[in-house]
Amino acid sequence: MQKTTTTTMPTPAAASTAAVSPPGTAADSGVVSTPMAAASASLTHSGNKSRERGDSFGDSSGPAQQQHKKDGEMEEETTISAKQQEIPMAIHYMASFHEICVVTALLPLVTLFTCFVTAYVFQYDDVHETHCRVYNIVPSISAITGVSPQRYFWRFSIALHIGPRIPIAFVYKNYYRAQLARLAPSLVPKTSWLITLILVLNCIEIAALGGVTYISNRENYPVHERIFITFMICSLCYMLATIKLNSILNARQTLTEHQRLSIKWKKILFVASILSTIGLLVFFAKHRFYCHDLAFSWFAFFEYLIAIANMLFHFTIIWDFPSQFMLIVQGPPETLKNHLAGKPKLN
């Protein structure tokens, strides 16, 4: 007798039940493991890999662009360098710095003497007029440079004098800074500050000289007087600071003959300026408040001494720069810098 085997197919519900994980597995934590979920996870994983590959391709374009940009900058620098190399080296102008300083220092001195002689001879009454109406024999600098035509001659002279004085002030600054290397490190900050102070005082003195020249006592006496006081104060402070700086820079140094002369005459002229300033103040008070005879003449005399001492103090530059030259050079900046960098520096 033949046996018949009957196979019962599970119902959809039973299949679903069989696919559910038993308690305590991933299903218990809310994760259902089904064929559809596995397929979805596989697709998600593939998509992430595709995006990663896409990101890697996108990142690879960044360095390429940077390299291209760098290559362009190098080409541009090469072009500029080639153009600079095409510029020939040439000296368009060379002048003795010593001669420029001599002319600059002597110009106001010669002009002042000329104005004094011509005004004293041809305009005696005009230059001796004062508010006291007393007897005087020496006119002031403001008087002889405030009448015409001496006024225009003096102003023209001071204009030519001030022009070179401004670059000379900065040349002095660099000249002093080049000597800082031989000082002890503890002295460098103080000395550097003193060099800057000297530059500022020098520039103020130059500006005050221009103000006193172009604003005469006849045009605006109060302003003229204040500018003249500023000029005197800055001039004396500049002299004192310069002498102090030279004593610091040249301590325990073997000086040349030119350096000894420069320092010696700077000290003499500073003392002369101090004594003349005291005399000027004394006789100015006698003239202003008491109107003594010849008080204004003594005031003018000490004023001339102050002016001449100031001019001669600046004239000592001929010993500070005895053999230097001023050049106007054409050439590539890098080539000039490299050339100057190879030259020995002043110590």
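## A pair within one helix

Because Arg260 and Glu257 are three residues apart in helix H9, about one helical turn separates them; helices here are DSSP runs of H or I with at least four residues, numbered from the N terminus. Their side chains meet in a salt bridge (2.9 Å, N to O), a term for a side-chain nitrogen of Lys or Arg within 4 Å of a carboxyl oxygen of Asp or Glu. Arg260 is partly exposed at 42% relative accessible area, and Glu257 is partly exposed at 47%, where buried means under 20%, exposed over 50% and partly exposed in between (1.4 Å probe, protein chains only).

This is a predicted model, in which local features need pLDDT of at least 70 and side-chain atom pairs count only at pLDDT 80 or more, while totals for chains, interfaces and linings use all residues. Residues are numbered from 1 along each chain as its sequence is written, and side-chain values use heavy atoms, leaving out hydrogens and water.

A search of the whole structure finds five salt bridges. In one of them, the side chains of Glu225 and Arg288 meet at 3.7 Å, N to O; since Glu225 lies in helix H8 and Arg288 in helix H9 (residues 257-290), this pair ties together parts 63 residues apart in sequence.

## Helix H3

Helix H3 bends by about 30° at Leu106, with Pro108 following within four residues, the bend being the angle between axes fitted to the seven residues ending there and the seven starting there. Among the buried residues of H3 are Phe97, Cys101 and Pro108.

Technical notes: Helices (H or I, at least four residues) and strands (E, at least two) are DSSP runs, numbered from the N terminus.
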